[in-house]
Amino acid sequence: MSEHARDRFDLIPDAAAEAAFLDAQSRGRLHHAWLLCGVEGSGKATFAYRAARRLLGAAPDPSRGLLGTRPDDPVARLISAQSHPDLLVLERAVEGGKTKKSISVDQARDLPEFFSKSPSQAQARVAIIDAADDLNLNAANALLKVLEEPPESGVLFLVTNAPGRLLATIRSRCRRLAFPVWPEHALEELVRNRTGVPSAEAARIAGMAAGSPGQALALASGATLEADQLAQDWVNADVVDRAEAMAVADKFRGAEGQERFETLMERLIAAVKVRALNEGASGARWAELWTRLSELPDRTAAINLDRADVLAGALADLQRTKTQAGAR
């Protein structure tokens with residue numbers, strides 16, 4: 001399982017973003033709501049927790065960057081334990097081992113009550129919404145009411161991979177911080193330093209990560225890298241080994257099975273996307289397959305489809321695309 005953003009202390013997502021935040025704070029112009037934008041895995045949630053620790057009183061640790069703090073700082077330990085009374089985090093709930101499709105209005109309604117109270121241990125109260133893209137419409141409207149009447153001594157961080165999907169009225173009430181994609185050489189260095197993998201492997205991971213440090217670190221984990229290799233083999237082979245696919249599907253049971261399924265589908269979708277971009281005249285067929293596969297993980301979770309059946313259907317669709325593309 002990948003490391004949660006609240007437990008990352010040595011990853012600096014973007015020094016410019018941290019400098020801008022600290023500049024606003026030092027001049028007494030700290031905005032009440034920050035919209036953190038960038039591709040998935042670009043460090044937006046990591047930044048939110050770094051900023052939250054400092055707002056809630058953690059001592060600075062310059063060796064870990066402008067917003068750095070020590071993991072053993074009392075404030076940092078409370079946040080890692082998810083028990084700091086002045087921090088509220090909204091993210092998709094997990095029930096029965098399954099992650100909900102969206103952040104509900106009931107969760108969002110915790111915000112007004114949270115901000116109506118005075119800080120109990122810090123100078124501010126902080127809320128992190130990870131990700132704001134996951135708010136359903138009613139939850140988004142509940143958030144908007146909070147933004148329309150900014151809380152005193154309150155700061156919100158809204159993590160978003162697709163700001164264009166948010167209500168314009170939400171976007172207009174936030175200060176935006178954009179997190180750029182990382183160049184491949186920086187990703188390669190990150191992977192080498194954090195995981196110790198050989199340079200050649202780090203370079204391969206950096207090339208697959210599409211500028212995302214979070215994706216690079218996830219790929220560097222054995223399970224994710226194995227899933228990526230399997231997905232690439234399936235996409236590039238003439239025929240998928242059915243027995244191998246069935247053996248993989250047998251591991252999709254339970255909460256860990258859900259994570260395996262989501263990881264494998266993510267890497268399969270990414271491999272198909274690369275094929276679509278690299279193909280010539282048949283690229284359109286691969287792009288259509290990419291679109292269909294991209295919808296499967298959410299649909300599987302929404303209506304509780306059997307993961308093994310979903311994988312079998314995806315691989316059958318993959319095989320049809322290969323046949324049609326080869327027959328052009």
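Hello everyone. Before we look at anything, one term: a residue is buried when its relative accessible area is under 20%, exposed when it is over 50%, and partly exposed in between, using a 1.4 Å probe and protein chains only. Helices (H or I, at least four residues) and strands (E, at least two) are DSSP runs, numbered from the N terminus.

Please keep in mind that this is a predicted model, where local features need pLDDT of at least 70, side-chain atom pairs count only at pLDDT 80 or more, and totals for chains, interfaces and linings use all residues. Residues are numbered from 1 along each chain as its sequence is written, and side-chain values use heavy atoms, with hydrogens and water left out.

Let's start with helix α10, residues 213-220. Six of its eight residues are buried, so this helix is largely enclosed by the rest of the structure. The buried ones are Pro213, Gln215, Ala216, Leu217, Leu219 and Ala220. What lies over them? The cover includes α8, α9 (199-208), α11 (222-236) and α13 (254-278).

One of those covering helices, α8, spans residues 184-195 and holds arginine 194. Is arginine 194 buried, partly exposed or exposed? Its relative accessibility is 34%, so it counts as partly exposed. Setting aside neighbours within four places in sequence, arginine 194 is in contact (heavy atoms within 4.5 Å) with Glu3, Asp10, Leu11 and Leu217. For a sense of distance, lysine 44 is 150 residues from arginine 194 along the chain, and their C-alpha atoms are separated by 19 Å.

Now over to the strands. Strand β5, residues 125-130, has five of its six residues buried, so it too is largely enclosed by the rest of the structure. Which strands does β5 pair with? Pairing here means that DSSP finds at least two bridges between two strands. With β2 (residues 87-90), β5 pairs in the parallel sense over four bridges. With β6 (residues 154-160), β5 also runs parallel, joined by six bridges.

Next, the cysteines. How many disulfides does the structure hold? Zero, taking a disulfide as a pair of cysteine sulfur atoms within 2.5 Å. For cysteine 37, the nearest cysteine sulfur belongs to cysteine 174, 8.7 Å away. Cysteine 37 has 7% relative accessibility, so it counts as buried. Cysteine 174 counts as buried as well, at 12%.

Finally, let's zoom out. The chain has 15 helices and seven strands. Its radius of gyration, taken over C-alpha atoms, is 21 Å, close to the 20 Å from the globule rule (2.2 Å times the number of residues to the power 0.38) for 328 residues, so the chain is as compact as a globular protein of that length. The C-alpha trace spans about 65 × 45 × 35 Å along its principal axes, and 46% of the 328 residues are buried. Among contacts with a separation of 6 or more, 71% are between residues 24 or more positions apart.
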